[in-house]
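Me: Please take a close look at the part of this structure where charged side chains pair, and describe its surroundings for someone new to it.

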Amino acid sequence: MVCDRLKSPWLSAAGRPLVAAALLLGLAACSSFNEGTRNIADAITIYRPEVVQGNFVSKEQVEALKTGMTRLQVRDILGTPLLTSLFHADRWDYVFTMQRQGVEPQHYRLTLYFKGDTLERFEGDEMPSENDFVERIGKKVKPKVPVLEATEEQLAKFPASTASEPEAAAPEQPEPARPGAYPPLEPAR
């Protein structure tokens, strides 16, 4: 029965190029995922996690570095390096990247060179200060804070107590515990 369908007149020698053209057009439509359709897909995407990789090194940390410091002192300031190589034992690399939705990716790199156990020199990108970095990752949208004012009608629902009214019988406060003394196991009668 399937063989009979393949022999149908619309799949004849003249119809096969039409089927092939339709398939090619369908495949071409799949590959036309350009910037416009990418923006639509990004708008539909509900959640895209932030990707933070590497060691953040602030401008203040770089300013604390001095040539002649030991590896241990550098590690105390910057933390463990992200990249160390057996082939470049006298070089430490600190790399930090962050990708957020709607924000250009941020890339920072700092390379330190040692001679033996002492820091010889360091070079890298201009690092942001801690405050600048927090501002860059902060959300631009300020939360809407409701007005915290009550109208006279709302306040009338809660009458204020006066000083002349006797206060409700407050439960007796237990005596403060003395140092080294334990509280009683049973309440006083």
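**Salt bridges and the strands around them**

Reply: Arg71 is buried, at a relative accessible area of 16% (buried means under 20%, exposed over 50%, and partly exposed in between, with a 1.4 Å probe and protein chains only). The model is predicted, so local features require pLDDT of at least 70 and side-chain atom pairs pLDDT 80 or more, while totals for chains, interfaces and linings use all residues. Residues are numbered from 1 along each chain as its sequence is written, and side-chain values rest on heavy atoms, with hydrogens and water left out.

In the whole structure, a search finds four salt bridges (a side-chain nitrogen of Lys or Arg within 4 Å of a carboxyl oxygen of Asp or Glu). In general, side chains of opposite charge can pair when their charged atoms come close. One of the salt bridges joins the side chains of Arg71 and Asp90, at 2.9 Å from N to O. This pair links distant parts of the chain, 19 residues apart: Arg71 belongs to helix α5 (residues 71-78), and Asp90 to the loop between β2 (83-84) and β3. Helices (H or I, at least four residues) and strands (E, at least two) are DSSP runs, numbered from the N terminus. Asp90 is partly exposed, with a relative accessible area of 36%.

A further salt bridge connects the side chains of Asp93 and Arg91 at 3.1 Å, N to O. Asp93 is buried, at 11% relative accessible area, whereas Arg91 is partly exposed, at 31%. Asp93 stands opposite Thr111 in β4. Strand β3 (residues 91-100) and strand β4 (residues 103-115) run antiparallel and are joined by nine bridges; two strands pair if DSSP finds at least two bridges between them. Their hairpin has two residues between the strands, and Gly102 there takes a positive phi near 85°.

The next pairing is that of β4 with strand β5 (residues 118-124), antiparallel over six bridges. Here Tyr113 stands opposite Arg121 in β5. The hairpin of β4 and β5 likewise has two residues between its strands, and Gly116 takes a positive phi near 75°. Arg121 also forms a salt bridge with Glu123, with the closest N and O atoms 3.1 Å apart. Both partners are partly exposed: Arg121 has 40% relative accessibility, and Glu123 has a relative accessible area of 37%. Elsewhere, salt bridges that share partners join Arg71, Asp90 and Asp117 into one network.
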